[in-house]
Amino acid sequence: SSDVCSSDLQLDVFTSIDGERVALFGNGSEDIELWNAKTFERIETLHRHDSTVTAVVFSPDGQRLVRADPAAVYLRVVAGEAERRFGHWTQFKFLALSQDGRSLATRTLDPKEVAIWDLATARKIGRLKGKEFAEVTFARFSPDGRLLIFGDGGNFQKGSACVGEVQTRQLRAILPALEQGYSDATISPDN
């Protein structure tokens, strides 16, 4: 994702992994615009009139879009209505989708905790609670979906991160705090 700024307008831009689609939404917007990345033509506008978009992410195949707002997380077929509605969401831009498109991580109402969801059933399959930090500000699945790294970006103080096993819901490692904090992290394929 990246930010596109023009005077006082700020847009968040998310591109599907296959590079075919782009999703745009602005600060305070209730809509997401989907664009064809090759032709620069608008595909459709996804309207939502009761809540502001806080985060979006494409599934690895580019066919589904996960959308978060302050009340909930939604999974949509790119050209259709909402398929699934997940549990509560806090007002925070945080969301991770596994590379196989099967699992979703959201922050829970506990600021140190991450919930992991099965996208096929829309059921919560577990929670991981972090240690050594104040709140979860980022999360990423390992390429095989077995591990989740999550942590606190630091917000002008030292931030740390944890690595947890998705299946067992056990912490595997607590990573040391960095002076500048973490803004994001990833797990290599040979974890």
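Thr106 lies in strand E11. Helices (H or I, at least four residues) and strands (E, at least two) are DSSP runs, numbered from the N terminus. The model is predicted, so local features need pLDDT of at least 70 and side-chain atom pairs count only at pLDDT 80 or more, while totals for chains, interfaces and linings use all residues. Residues are numbered from 1 along each chain as its sequence is written, and side-chain values use heavy atoms, without hydrogens and water.

Thr106 is buried, at 2% relative accessibility. Buried means under 20% relative accessible area, exposed over 50%, and partly exposed in between (1.4 Å probe, protein chains only). The Thr106 side chain makes a polar contact with the side chain of Trp117, at 3.0 Å. Such a contact is a pair of N or O atoms within 3.5 Å; within protein, one must be able to donate a hydrogen and the other to accept it, and residues adjacent in sequence count only if both atoms are side-chain atoms.

An open sheet of 4 strands runs in the order E10-E11-E12-E13, with antiparallel pairing. Strands E10 (96-97) and E13 (123-129) are at the edges with a single partner strand each, so one side of each has no neighbour in the sheet. Pairing requires at least two bridges found by DSSP. E11 (residues 103-107) and E12 (residues 113-118) pair over 5 bridges. Ser103 stands opposite Asp118 in E12.

The largest nonpolar core has 13 residues; Ala105, Val114, Ile116, Phe141, Leu148 and Phe150 touch the most other members. A core is a set of buried Ala, Val, Leu, Ile, Met, Phe, Trp, Tyr and Cys residues joined through side-chain atoms within 4.5 Å.
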